[in-house]
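Hi,

Here is the structure we talked about.

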Amino acid sequence: MKNVLVTGGAGFIGSNFIRYFLRVHADVRIVNFDKLTYAGNLENLRDIEGDPRHVFVRGDICARADLEAAFREYTIDTVVHFAAESHVDRSILGAGIFMTTNVLGTQMLLEVAKERGVERFIHVSTDEVYGSLGPEGKFTEATSLHPNSPYAASKASSDLIALAYRHTFGLPVIVTRCSNNYGPYQFPEKLIPLMIANALDDKPLPVYGEGLNVRDWLYVDDHCSAIDAVLLRGEVGAVYNIGGNNEWRNIDVVHLLLKHLAKPESLIRYVKDRPGHDQRYAIDATKISRDLGWRPAHRFEEGIKETVAWYLDHQPWCRRVMTGEYQHYYKEQYEGR
Ligand code: NAD
Ligand code: TYD
């Protein structure tokens with residue numbers, strides 16, 4: 001592992017992963033391949049700008065020529081694939097780009113990786129491919145796929161295509177499926193940063209339905225350490241669930257955030273529910289902890305405290321990413337809801 005192509009490295013998890021990876025591996029080069037959509041932002045990597053082990057390439061995973069040039073120029077031997085359209089609500093407003101990027105883009109990346117030959121291809125996926133749980137049980141790697149949103153369906157499709165490239169062509173693919181992440185640099189369209197950003201501006205906090213849907217939250221650095229473990233010690237062709245055994249109802253997360261921000265509960269607004277809203281996600285991460293010795297290092301209350309502190313310290317970052325396109329999105333998504 002010398003030249004690692006990280007797709008989507010200017011997004012939330014990708015940028016945290018690059019920072020993590022450079023911290024724990026001295027002798028690697030990371031080629032950060034990103035289209036810089038609304039969600040990609042080079043400001044997320046400002047603190048490592050001078051590090052010669054990080055190269056940025058602006059490119060689209062759907063464009064064969066962009067990929068071929070990057071693989072050739074940097075003799076890529078490893079791929080960690082984060083690039084995607086990642087937000088469920090946006091996939092409800094417009095599903096097309098999710099199919100283009102997540103399905104066709106992933107297939108193009110697999111194709112070029114197959115032609116060039118790589119040692120490892122980590123396909124970063126989500127627990128949402130399994131669908132929705134009732135009050136009991138957890139997703140294991142053997143749970144059948146039952147994606148409900150266009151986003152989840154596009155990710156499930158790409159998981160299957162990645163595994164087909166392993167089966168048919170012997171490409172050394174491993175698939176990871178992680179629960180909801182939170183932490184620094186998350187775009188304020190997702191629950192936790194959106195609630196923090198709105199509360200800081202004393203704007204209403206839009207809680208879907210009754211706020212009783214459950215998500216299993218993991219600090220982003222713990223996701224990064226899990227991917228690192230999978231990359232180093234994972235079995236080719238396998239799927240690994242990643243999660244911190246940390247289920248919370250949305251409304252309880254919002255209350256916790258308000259407590260840390262010292263803002264009143266009167267900011268909460270219950271709004272019309274998301275169509276097809278998955279009730280509950282919960283990950284059984286026995287396999288990765290048993291086989292690869294991975295454990296999350298952050299407790300939720302501490303991680304949330306750190307995350308709130310980060311957003312308080314980075315309000316100019318927040319304001320910059322919340323201009324322009326974000327304002328249109330916010331209006332379309334929340335106005336009159
Ligand atoms: P994000 O939306 O913050 O970042 C996505 C990045 O991909 C952006 O930098 C964007 O510019 C880039 N990108 C989009 N289309 C591209 C294209 N065609 N070519 C090249 N780059 C492109 O997403 P995130 O939350 O960091 O998620 C990263 C990955 O992790 C996704 O694959 C997502 O499905 C998966 N995942 C996310 C979570 C979560 O809670 N956020 C949980 C589990 C898995
Ligand atoms: P989100 O961060 O969009 O992640 P996902 O839908 O991929 O799990 O949402 C997390 C939960 O929070 C989900 O149950 C929907 C809910 N939610 C709200 O109640 N209000 C909001 O404004 C958002 C963005 C999400």
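The largest cavity holds about 40 Å³ of space, a volume being what is filled by probe spheres set on grid points joined across faces, edges and corners. On a 1 Å grid over the protein atoms alone, a cavity is a set of points where a 1.4 Å probe fits but cannot get out, while a pocket is an open set with protein on both sides within 12 Å along at least five of seven lines; lining residues have an atom within 4 Å of a point. There is 1 cavity of 30 Å³ or more. Its lining is Val88, Glu128, Ser149, Arg215, Arg274, Gly276, His277, Asp278 and Tyr281.

Bear in mind that this is a predicted model: local features need pLDDT of at least 70, side-chain atom pairs count only at pLDDT 80 or more, and totals for chains, interfaces and linings use all residues. Residues are numbered from 1 along each chain as its sequence is written, chains are lettered from A and ligands numbered from 1 in the order in which they are written, and side-chain values use heavy atoms, with hydrogens and water left out.

The second largest pocket comes to about 170 Å³. Asp89, Ile92, Leu93, Lys272, Asp273, Arg274, Pro275, Gln333 and Arg337 line that pocket.

Lastly, the axes of α4 (residues 96–116) and α5 (residues 150–169) come within 8 Å and cross at roughly 15°. Axes here are lines fitted to C-alpha atoms over the stretch in contact (heavy atoms within 4.5 Å), with angles from 0 to 180 degrees between N-to-C directions. The two helices are therefore roughly parallel (under 35 degrees).

Cheers

Note on methods:
Helices (H or I, at least four residues) and strands (E, at least two) are DSSP runs, numbered from the N terminus. Angles under 35 degrees count as roughly parallel, over 145 as roughly antiparallel, 65 to 115 as roughly perpendicular and the rest as oblique.
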